2 protein chains.
Amino acid sequence: MRAVVRRNKQLVCDEIGELTPAAGQVLVKTLACGICGSDLHALHHMEHMIELGRRAGGGDNGFDPTADTVFGHEFCAEVLEFGPGTTRALKAGARVVSMPITLTPTGGLEALGFSNRLPGGFAERMILSEALLLEVPNGLPTDQAALTEPFAVGAHAVAKARLDSDSVSLVVGCGPVGLAVIAALKAAGHGPVIAADFSPRRRAAAERLGADMVIDPAKESPHDRWEGLGVPKARAAQAMMRMMGKGFGRPVVFECVGAPGVLQSLIESAPAGSQIVVAGVCMESDRIEPSIAITKEVELTFVFGYTPEEFAQTLRQLSEGIIDVAGLVTGQVGLDGVAQAFRDLGDPEAHVKILVQPGLAPQNG
Amino acid sequence: MRAVVRRNKQLVCDEIGELTPAAGQVLVKTLACGICGSDLHALHHMEHMIELGRRAGGGDNGFDPTADTVFGHEFCAEVLEFGPGTTRALKAGARVVSMPITLTPTGGLEALGFSNRLPGGFAERMILSEALLLEVPNGLPTDQAALTEPFAVGAHAVAKARLDSDSVSLVVGCGPVGLAVIAALKAAGHGPVIAADFSPRRRAAAERLGADMVIDPAKESPHDRWEGLGVPKARAAQAMMRMMGKGFGRPVVFECVGAPGVLQSLIESAPAGSQIVVAGVCMESDRIEPSIAITKEVELTFVFGYTPEEFAQTLRQLSEGIIDVAGLVTGQVGLDGVAQAFRDLGDPEAHVKILVQPGLAPQNG
C-alpha cells in the first residue's frame, strides 16, 4: 500500500508492506489525518525529541529515528477487517476515531505516528485496537471527526486549569492548540476568553470558536485588558480588593505558542497569582526569572495529551455542535501533497489545519 | 539609639535617630531578630533585588538602595510606648511578634527590614502597628517566638501544596525555609516526608523537626525512594496502577535551595505528575527544559510570604509545642556581632539560625 515515509529526514511517497490485524486489532482505511506541529518538528529533529523523551523518563519504546516512520496521529478511518479475538461490535464500513495508540497482543503499545513498526495516518491503511475505537456519531463529517485528537488537547488543558466561575482566561497563540483551548473553554461555559495572535487568519478562527475578545499583540498588549475585566494585576491591589470584599476569579493564561521567551514574558506581564497553563510545546531550553515568579506567586502547569474520557467527550462535543469546527480545515492533500503541505504550514497566515486524505487521487504538476 | 546600618554595601554599627510612634503605632524594644538568607543577599545585591521587584509589578515603594537601611524582619519585641489613637489593649512590657509591616498614618506601609524610613530588627527599637501585634502566648521563649516569621513561610508553602491524604513529600534543602516546610507538613499531619541536604547539621535539624527520612544527596538520590513509598515515577506506570485500582497520593516536592539548576534537576528527577512548590528564592535567572516538564505534566507553584492567618497559626503552633524549634538557634550575637554573623552564615555546617539580640553587651575582640 502507499504511504508517506520519513526517510533520511525527508518525506517520500513509497509502497510499504500490507498490514494484518493481530488479536484484538482492526484493519482500517485512513479517510483523513491532520498534520500536527509535532510532525513538522519531528521531521528534522526526531533525535532531539527522543533524547528529551528519554530524560522525561518515558523510554523510547525501541524507536529508531534512522529507520522508516509513517507520521500521522490525528485521524478518522473506516473499518475494513477484524483480527482474531475481536467482538466485532462495529461493522465493516463504520467510521471511527481512536486515540493514536495500538495495543499489541504481547501487552505492549505502539504510538501511531511515532513508530517504526506500525504506520500512522499518512498511509492508506492502519492497524487500530478494537478496544479504543469510537464510532463517529450523528453524521459528523469525516474532516471534522479527524479533529477530535487536536481538540482533545484543548479539553485536557482546560481540565488542568483551576478556573473559578468568574475567572478571566487569556489564550496566547491561536494555532491549533490555542484554538482547541478556546473551544474547550467555551464548551465548558467559561468566559470571558481573551485570545491573542499576530495572524489575522488565526484571530478570525479564534473568534469563530467563541473567543470574547481577540487581540493583535502587535497593536496592544492583551495584558492591558485585565483590569478592565475586574482582575487587579499587582498583589497589593488584589489584597486590597479582597479586604473590601470584592472577589475576582483566578486569572488563567494558556501558553499555546511554544517558543523560547514566551514563558518569561507571561510571568512578567500576567497578573500576580496567575495560573499559566503551558500547552504549547517548546522543544528548546528556555530561561526564566524564578524570583519574579515567586514574588507574583505564579503557577506554571505543564500539560500533555488527554485522558480517554477527554478524548471521547471531545468527539461528542464535535458531533453535537457544541464545538463547531466547520471551516478550520484550510487545505486537503493526497499522499503526494504531504511534503509540500509541511512546507506550507510554516506560514501561519496560509493555513489553520491541513488534512491528508490518502484516498485523494495524485495531483499532476 | 544603636543599630546595624547597611551603608555602601557594608554593615556598620552606628547611632541612628530616636523613634516616635505616630497614630496607630507602638514603640517597641527589639528583643531578638533572626538573620535571613534574603538579608545576606540584599547586603550586596540590593539594586538587583529592587529591579526584579519592579519587573514583578510590585513597585519599589520609594526605596533607595544607596541610602541607609536597617535590616531585620524576623523579630520578637517588647512593648514600650503607645502612639496616639491606639487601643492599648496590651500593656507596656508585653512581648509581641508582628508581620514585618508597619502601617503609616497616611495609609501607606513600610516593609520593615527593607525600608529607608523605619529600621528593622537589627536596631534597639522599632515602630510597629498596634493592629498587627500578636502577644507571645504560653510563655514561649523569646528566641523561639522570633522564629514565627520564617516558620510562617513554611506554613504558606504547605498551604499552597495540593497534598492528598496519602501524598509523599520531598523537601530539597534543609536550611531555614526547608526546615519550616518540614515543620508545617508534620504540624498538618502529612507524611511521609523525605528531607534531603548535603549538611549533616541540617539533616539532624530536619530529623528533629519530624522528617520521616533524611537523605544525603552525595550518597543517594532522594528520588530513588519514590517507588518504595508507592509512587510510580513514569506516567505509563502511574496509568497502569490507576487502571488496577491502586491509588497513590500526588507527589509533592518542595524546592528550598534557591540556586540555579535545581529546578531543572527536579523537573527531570521527580515522578511524573509532581507538584514542585518553589519556596527557595533563586535570585539569578535559570534555565529549564519546558518539553520535559510538559511530557511529565509537572506543576511549578512559586510561593512567597504568608497570610496574616498563617502567621498567627504559626505562632500558636510554636507556643503549643506542635512545632518544636528548641535547638534551632545556633548563634546569638549583639549588634556588634552582626557583620561577622553574616559571614559565618555562608557555611551551612556552621549554623542553622543566628539571632541578633540588640540588648546583648558588646563583645571585646
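This is a guided tour of a predicted model, stop by stop.

Residues are numbered from 1 along each chain as its sequence is written, and chains are lettered from A and ligands numbered from 1 in the order in which they are written. In this predicted model local features need pLDDT of at least 70 and side-chain atom pairs count only at pLDDT 80 or more, while totals for chains, interfaces and linings use all residues; side-chain values use heavy atoms, with hydrogens and water left out.

**Stop 1: chain A as a whole**

Along its principal axes, the C-alpha trace spans about 70 × 45 × 40 Å.

Now switch to a surface. The accessible surface of chain A is about 14200 Å², with 54% of it belonging to carbon and sulfur atoms (Shrake-Rupley method with a 1.4 Å probe; for residues, only the protein chains shown count as cover). Of its 365 residues, 53% count as buried. Buried means under 20% relative accessible area, exposed over 50%, and partly exposed in between (1.4 Å probe, protein chains only). Among contacts in chain A with a separation of 6 or more, 72% are between residues 24 or more positions apart, a contact being heavy atoms within 4.5 Å.

**Stop 2: the cysteines**

How many disulfides does the structure hold? Over all chains there are zero, a disulfide being a pair of cysteine sulfur atoms within 2.5 Å. For Cys33(A), the nearest cysteine sulfur is that of Cys36(A), 9.7 Å away. Cys33(A) is buried, at 0% relative accessibility. In chain B, the sulfur of Cys33(B) is 9.6 Å from the closest cysteine sulfur, in Cys36(B), which is too far for a bond. Cys33(B) is also buried, at 0%.

**Stop 3: salt bridges**

The structure holds 34 salt bridges over all chains (a side-chain nitrogen of Lys or Arg within 4 Å of a carboxyl oxygen of Asp or Glu).

Select Arg7(A) and Asp68(A), which pair at 2.8 Å, N to O. Arg7(A) lies in strand 1 (residues 2-7) of chain A and Asp68(A) in the loop between helix 1 (37-55) and strand 4 (74-82), so the pair ties together parts 61 residues apart in sequence. Arg7(A) is partly exposed at 29%, and Asp68(A) is partly exposed at 35%.

Next, select Arg55(A) and Glu268(B), a salt bridge of 2.5 Å, N to O. This pair crosses between chains, from helix 1 of chain A to helix 7 (residues 262-269) of chain B. Arg55(A) is partly exposed at 26%, as is Glu268(B) at 24%.

Then select Glu299(B) and Arg250(B), which meet at 2.9 Å, N to O. Glu299(B) is buried, at 3%.

**Stop 4: helix 3 of chain B**

Select residues 148-160 of chain B, which form helix 3. Of its 13 residues, 11 are buried, including Phe151(B), His156(B) and Val158(B).

Terms used
Helices (H or I, at least four residues) and strands (E, at least two) are DSSP runs, numbered from the N terminus. The expected span of a helix is 1.5 Å times one less than its number of residues.
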